[in-house]
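User: I'm new to this one and would like a walk through it. Could you start with the terms you'll be using?

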Amino acid sequence: MNDQGLNDGVVQLRDWADDDAAWYAESARDPEIQRFTTDPSTLDAAQVLAAINRMRASDREVGFVICDSITGAKLGNIALAHDGRVGELSYWLAAEARGRGVVTRALTLITSWAVRHIGLVELRLWAHQDNLASQRVALRAGYLRDPDRDKAQEAKGAVWPMHAFVLVPTGA
Ligand SMILES: CC(C)(COP(=O)(O)OP(=O)(O)OC[C@H]1O[C@@H](n2cnc3c(N)ncnc32)[C@H](O)[C@@H]1OP(=O)(O)O)[C@@H](O)C(=O)NCCC(=O)NCCS
């Protein structure tokens, strides 16, 4: 993976290393991540490492650790699934890294990278109806509400009302 350019001086996106798996599993147990993402609370490091290896072998999935550009501290996760034209984003931030615009930066970086390096012509994401912070992040990163793609998603024994957002790059 060529991750040149995935750094805005505050936030850096880097490839997953094997020894990040335990951190991912531990961070994903956070109640807000459990509330708003499909990662199961039982996720362990071995399962995360298996997912990292599946991603490495795939030409349709990309994922990065969101890090502090200065200290290198791990802050969160951002992932992209795509078919070469259209991509879908997902993300979460560890509890201690929230509230300072980190995901807006990460989403902006991965979006422009995916347009330039993969050639995506449309990017989409979904946020739970009650997840106002995630919806704000999408709008701040330049995504627009796309109510026609709102969906009811089965997750964790419930049906989640998901709000859709879309970004079509200029010139696509
Ligand atoms: C949701 C999440 C991605 C937001 O990332 P973040 O970097 O902490 O976001 P920020 O602190 O920059 O907040 C973004 C905006 O939401 C607002 N916001 C934060 N919490 C809010 C809340 N509970 N209600 C309304 N707005 C809220 C902030 O004020 C900010 O608004 P602004 O753009 O007007 O300044 C992050 O908190 C997270 O990972 N949460 C747990 C997992 C999750 O929800 N993942 C996303 C699944 S779609």
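Analyst: Helices (H or I, at least four residues) and strands (E, at least two) are DSSP runs, numbered from the N terminus. Residues are numbered from 1 along each chain as its sequence is written. This is a predicted model, in which local features need pLDDT of at least 70 and side-chain atom pairs count only at pLDDT 80 or more, while totals for chains, interfaces and linings use all residues.

User: Okay, which element gives the most to the shell around the ligand?

Analyst: That is α5, with 6 residues. Elements that each supply at least two residues of this shell are α2 (31-36), β4 (86-93), α4 (102-118) and α5 (132-140).

User: And how many residues surround the ligand?

Analyst: There are 21, and the closest are Phe36, Arg98, Leu132, Ala133 and Arg136; a residue is near a molecule if its C-beta atom, placed from the backbone, lies within 6 Å of it. By type, the shell divides into 11 nonpolar, 6 polar and 4 charged residues, where Ala, Val, Leu, Ile, Met, Phe, Trp, Tyr, Cys and Pro count as nonpolar, Asp, Glu, Lys and Arg as charged, and the others, Gly among them, as polar.

User: Back to α5, which residues there are buried?

Analyst: Ser134, Val137 and Ala138 are buried in α5, which takes 20 or more other C-beta atoms within 10 Å of a residue's own, while 12 or fewer makes it exposed and anything in between partly exposed. Seen down the helix axis, the buried residues of α5 fall within an arc of 100 degrees, so they line one face; the arc is that of the directions from the axis to the C-beta atoms. Leu132 and Leu139, on the other side of α5, are exposed.

User: What covers the buried residues of α5?

Analyst: The cover includes α2, α4, β5 (122-128) and β8 (158-167).

User: Switching topic, where is Arg105, and why does it count as buried?

Analyst: Arg105 sits in helix α4, and it counts as buried because it has 23 C-beta neighbours inside 10 Å. Leaving out residues up to four places away in sequence, Arg105 touches Asp8, Val10 and Val11, a contact being two C-beta atoms, placed from the backbone, within 7 Å.

User: How far is Arg105 from Ile66?

Analyst: Their C-alpha atoms are separated by 9.6 Å, although Arg105 and Ile66 are 39 residues apart along the chain.
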